[in-house]
Amino acid sequence: MIEVHEVRKQFGAVQALGGVSFTARDGQITALLGPNGAGKTTLLRTLVGLLRRDHGTIAIDGVDPARDPLAVRRNIGFLTDQFGLYERLSTREYLAYFGELNGMDGAALHKRIDEVSDLLAMDDLLERRSKGFSQGQRIKVALARTLLHSPRHLLLDEPSRGLDVMSTRALRHALSALRRRGCCVIMATHVMQEVTHLCDDVIVIAKGHTVAQGSPQDLCRRTGIANLEDAFVSLVGTEEGIAA
Amino acid sequence: MKSKFMIVFLKELRETLREKRTLGLIALFTLMYPVMLGYLMNQLIERSTRPEREGIELAVIGAAKAPTLMAQLKQKNITVREVGAMDEQAIGELLRARKVVAVLRLSDQFIDNYRAMRPARIELWFDSAADKGPQQRDVEEVLEAYGANVASARLLAHGVSPATLAPIQLQRYDTGTNASRSAGLIGSILGMLFFPAFVCGMSAAVDSTAGERERRSMEVLMSQPVRAWELVVGKWLTAGTLAAAGVTLELALAHAILSWLPLEEIGLSWSVTGGELALVCLASVPLSLFAAALQIALAMNARSFKEAQSLLSFVVVVPLVPGVAVSMLELKTATWMYMVPMLSNQTLLQELAKGSEIGVVPFLLTFASAALPALAAVLFASWRMKSERYVLAV
C-alpha cells in the first residue's frame, strides 16, 4: 500500500509537485495519468527516495522513503522511462547482477530468473547480450529486472511502449497475476485502452497537483462524459499532452 | 552473501574485461614504454662504448700523388682505400652505400701545382645526411694539419718563423660526458613508469560513470537498495585494480630490461632487487587507487563518455608536472618529495636504483601520500552521487 499526502517539491523557482495526494491499494493496478511534464517522473523518483520532498508525507507499507530508502527500494520494482541495459552482459548476467544487488544469490536467484523469464515469455533472450535487442525485447528484460526480487510494489513508467501485440498480452497477464498475488502496482501510461481494461483505480495529475482519483467508471460518471479519454481531457483542462 | 560493493566491482570488472579493443590499447601502451626505454638505453650504451676512431674508412682517388698525406691519415687510424678515377655519380653511389666516411679526390694538376707552390686542390666529397659528422671532422683535421705543416716548412725555407701564422692558439676541452647528460634524464624516465596508474583505469572509470549516465542506466542502478558509497566504491575498485595491474606489469617489465642492460657504461645504475621492486609496487597501489578515485569523481559529473574523456586527458598531464619540474630544476632528494603523489614514487625508485639505503619511512610516506587523497576523492564522489542535483541530471 502506497499512501501519499500533500507532497510538494520545488526545484528553484519551478514547482514540480504542488500537492499530490492519493492512496494505491494492494491487489489493485492503479493508473497514473497526466500530460507530459505533469510531474509523474518527479513523483516516482520521490517514491523510491531518489529525491526528497519539501512537504507532505509518504508511506510505503508504512515506511517513509526519506527515512529508510533502502528498505523501501527492497520492496519496490521500479521501471524507469529508460531501460538501463548493459550491452556487454547477457540477459541472465544482467538479471543476476540486479538480483544480487537486491540480496538474492545462488540457485534461488537462477530459479527466479527462469520463473520471470517464463512469465514474460523471453527464454530466447536469456543467454544473449542486449546489443541489438529490439525495443520490445529491451522492455521485457527491464520488466524482468523489475519483477525479479518479487517486490510488493511496482512503479512502472509506461511499461507497454514499443511492445507488439503478443508481448502486450504477456505483460497484461503478468500484471493480472501480480494483482492476484496482492501486489500494489502503479502504472504511468498514456494508453487509455489499457487503463480501461486493466486498471482498478486511476489517479489524474496535472501541473503537479492531483486532479482526481477513482475507478475509470467513477471518473466518467463524475465528468458526465462516457469516454475515458474525453473525461481525462476535461479533468486536465487542456488538450496538451494528449498527442502521445 | 557478497557485500554490495563487491557485486558492483565484479560486474564492472567483467564488463570492462569484455571490451577487448580498449584492453588491447591499454596493454600496448603499458608494454610499449619499457621496451622503447630499453631500446633507447641500449643505443645510448652502444654509442658511448664505441671506440673513438674505430672504422673511419676513407676512399681516395689519386692517392699516389700525396704519399705524405696518406701516411699522416694512417697515423690517425684512418683507413685509406685507394680507388681509381670516378665521376660524380659513382662517388655519390659510393657514399650512399655508407661504407666510407668520405671520398678524397686529388686533382690531376695536384703535383704540378704543389711543386709550383700554387694552391693544390683536394676535393672532399661527403654525404651530410649520413650522420658521420665527427668522423668527417677528423679527416678534415688531418688535412688542415697537413696543410699547416707544409706551410710551416715553406716559411722556414724563406727564413720566416711559422709562429707568425698562428697569432692565437685554440685548445678545446669537452667536459660533457654521456653519464652526466643522462643522469638528468633518468628521473623523468623512471617517473614515466608510473604513468599507467593514470591511463589504465581511465576507460573503466569513464565508462562506469559518464558512460553509464549517457546510456541512461545510472538512474536504474541508483534506485536499487544500494547506498551511493557502495556504488562509488565498486566502480572505484574496478578502475583502481586495472591501474594497479598496469603499473605492476610496467615496473616488472622495466625491471627485467634495466637489470639486463649494462647501464654502468653510461654512468647509471639499477641496483633494485626483486624484493625491493615488490615493495615499490605495493607502495604504488595507492597511487593507482588515487588516480582511479580522481577520475571517478571527475568523470561522474560529465554528461557523456566523450566529455569525460576530454576532461580527463587534461587531468592526466597534471601528475607528471612535479616529477618533470624536479628533474629539470635538479633538486636534491628531500623528504617532502615523498609526500607528493607520483613524485614520491619516482623519487623512491630513483633512490633505490642508485642503491641508497632509505629505510622504511619513504615507503610509508609514498603509500600514505596517495592513500589519503584517494579516500578523500571517494568520499567526495559518494557525497556527490547522493546529492539531489546529481539525481536530477542523470
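These legends accompany several views of a predicted model.

View 1. Along the principal axes, the C-alpha atoms of chain B fill a box of roughly 105 × 50 × 35 Å.

**View 2. The two domains of chain B.** Here you can follow the domain assignment of chain B: domain 1 covers 4-47 + 178-393, and domain 2 covers 51-165. Taken over C-alpha atoms, the centres of domain 1 of chain B and domain 2 of chain B are separated by 58 Å.

**View 3. Burial and contacts inside chain B.** Of the 394 residues in chain B, 37% are buried. If you look at contacts in chain B between residues at least 6 apart in sequence, 77% of them join residues at least 24 apart.

**View 4. Where chain A meets chain B.** This contact takes 23 residues from chain A and 20 residues from chain B. On the side of chain A that touches chain B, two or more residues each come from helix 2 (69-74) and helix 3 (91-101) of chain A. Helix 3 of chain A gives the largest share of that side, with 4 residues.

Terms used
Residues numbered from 1 in each chain as written. Chains lettered and ligands numbered in written order. Predicted model: local features only at pLDDT ≥ 70, side-chain atom pairs only at ≥ 80, totals over all residues. Domains from an automatic or database assignment. Contact = placed C-beta atoms within 7 Å. Buried ≥ 20, exposed ≤ 12 C-beta atoms within 10 Å, placed from the backbone.
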